[in-house]
Amino acid sequence: MGVFDSIPSVDPVVLTRNVYGSALTTDDAEEVKGVDVVKSKDQSEPELQNRKGATNGHAMHVEMVESNEHFIVDIDAARKRLKKLGFIDTLLMGFSSINNGSKILNTKQTAGSLACLNGIRVFSMFWIILGHSIQYQYGLIDDVRYTVDVIMPSFAFSFIINSTVSVDSFFMLSGLLLTYLTLKHMKKVNGKVNWFIFYFHRLWRITPTYMIALAICASLAIHMGEGATKVSFFERETDLCREQWWTNLLYINNLYPFPGNLGAQCMGWSWYLANDMQFFIISPPILYMLYKKPKIGLAVIATLCLGSFGITAYIATYYGVPVWLHPAYNNNTLVVYGDVGADIIYGKPYCRIPTYLVGMVAGYIIYKQNGKPVRISKLLNGILWILAIGVALSVLYGPYRQPGNEFPQYASVLYNVFARFAFASFVAWVAIACVFGYGGPVNTLLSWGLWAPLSRITFGAYLLHPMLIFVIYLTAHTFYHVTYMQWALTFISNTVVSYFAAFLLSLFVEGPVMSIEKVLLGGLKK
């Protein structure tokens, strides 16, 4: 289900709520705990060297980089920190803007920190903001017919129409990091994991910041600027959040009320967080099997993936779910749920989990390689890159059709089932190729130190950017005149504002929350 699928029939204000998002951040690069780089026989250099574009000439593997999507916590390190600084100093350091700011802005790359993932994360977030910057202007432009009849059906615009696959990059990254880091930790501790801390760390790092963002959306955003449209929009948002905030807190807002509508949720873009948390919750049994019985673990992943494909195919067929700008093939959604905007595929975990599973397989591959060099010929590497890029372009531009041309339902079903899986596989290849030293200039770009600070605040940018764009757009007293230059400048300004707000959120919320966690974990009895 594309972002713009229902434009002709959906109210502009409702349309602007059919959003997507993704949130993965990296915290302080100095908070690296339990480093376990594989050494060569002379113990002087890691076995896996950065080849052909990898960075810094060090190994690409590290045991643990502390961040809110990394799930293994070094409690001993927390105890040592607490003992060294004391309870009060440890706690208050988290409230220091200078301390938190210096950590966020640090551009140093830690050897083995999979630096290419920073670039993937940031570019994916840029793509999301670009899609939203254009999407949210619909209904606020002076010539809707030109946009709908000329710009949107154009071949070039498919990059925006299908920008929803950017969220699948984040699902893939989440599965990769979870699997790789957890399996490395399990190997280090002989398979013994404190699963309570595993879940607590995840919930503590994400939920407080998430709830603060929700409070801003429900209570504060309405006071930012003037405009009748803005007031009515955020009054509706406030009412939705007052009724449904608890579903966000429990990470079930994508399932309750069922089937739901992204245009009728508190922070509709938070469906991603619900899915990602649900995937996280069911991951430990799979991780344990990957560690103990890899073949069984991979078989379970394959089974879940095939099951998801079957469910998505059935739903897409029964409800006549289209792709591109084509109308639905039937009205079963309206007949069954009485809501043409019902969310039957887009935000549902049983339809979105394959991209997360792709990440788990990619993380297992990196873990299994265990620092050993991977040797492939230049020819094979080139072929694999061409195939991967071809898959990505097919997902983005494959469904393009001129208006009026029929798009067969079977083709729509196939696209709805396999497109996101295929794009996540492309991103997984990019990550694996860069990690193993076959990324060349792509790895050089993705591993650039500038992406590290932006990567650390991507979570905040994801949470805040939709409401900020709403505030900016809905306070305008005139319609927008669409030009590509206007869209470009709007995208740049929205990105700058969003990341600046995310920096403040990380400075004053995420930093203190992490400090409190260090105190709590450092105080645990052995």
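Both Lys 348 and Asp 343 are buried, where buried means under 20% relative accessible area, exposed over 50%, and partly exposed in between (1.4 Å probe, protein chains only). These two residues also pair up as a salt bridge, with the closest N and O atoms 3.1 Å apart; the term covers a side-chain nitrogen of Lys or Arg within 4 Å of a carboxyl oxygen of Asp or Glu. The model is a predicted one, so local features need pLDDT of at least 70 and side-chain atom pairs count only at pLDDT 80 or more, while totals for chains, interfaces and linings use all residues. Residues are numbered from 1 along each chain as its sequence is written, and side-chain values use heavy atoms, with hydrogens and water left out.

Zooming out, the protein chain has 21 helices and zero strands, counted as DSSP runs (H or I, at least four residues, for helices; E, at least two, for strands) numbered from the N terminus. Of its 526 residues, 59% count as buried. Among contacts between residues at least 6 apart in sequence, 84% join residues at least 24 apart, a contact being heavy atoms within 4.5 Å.

Back to the charges: the structure holds five salt bridges. One of them joins Asp 168 to Arg 352, with 3.1 Å between the closest N and O atoms. Asp 168 sits in helix 8 (residues 166-188) and Arg 352 in helix 15 (residues 349-369), so this pair ties together parts 184 residues apart in sequence. Both Asp 168 and Arg 352 are buried. Arg 420 joins in too, as Asp 168, Arg 352 and Arg 420 are linked in a network of salt bridges.

Another salt bridge puts Asp 276 and Arg 202 together, and here the closest N and O atoms are 2.4 Å apart. Again distant parts of the chain are linked, with Asp 276 in helix 11 (residues 271-281) and Arg 202 in helix 9, 74 residues apart. Asp 276 and Arg 202 are both buried.

Helix 9 itself runs over residues 195-220, and its 26 residues reach 37 Å from first C-alpha to last, close to the 38 Å expected at 1.5 Å a residue; the expected span is 1.5 Å times one less than the number of residues.
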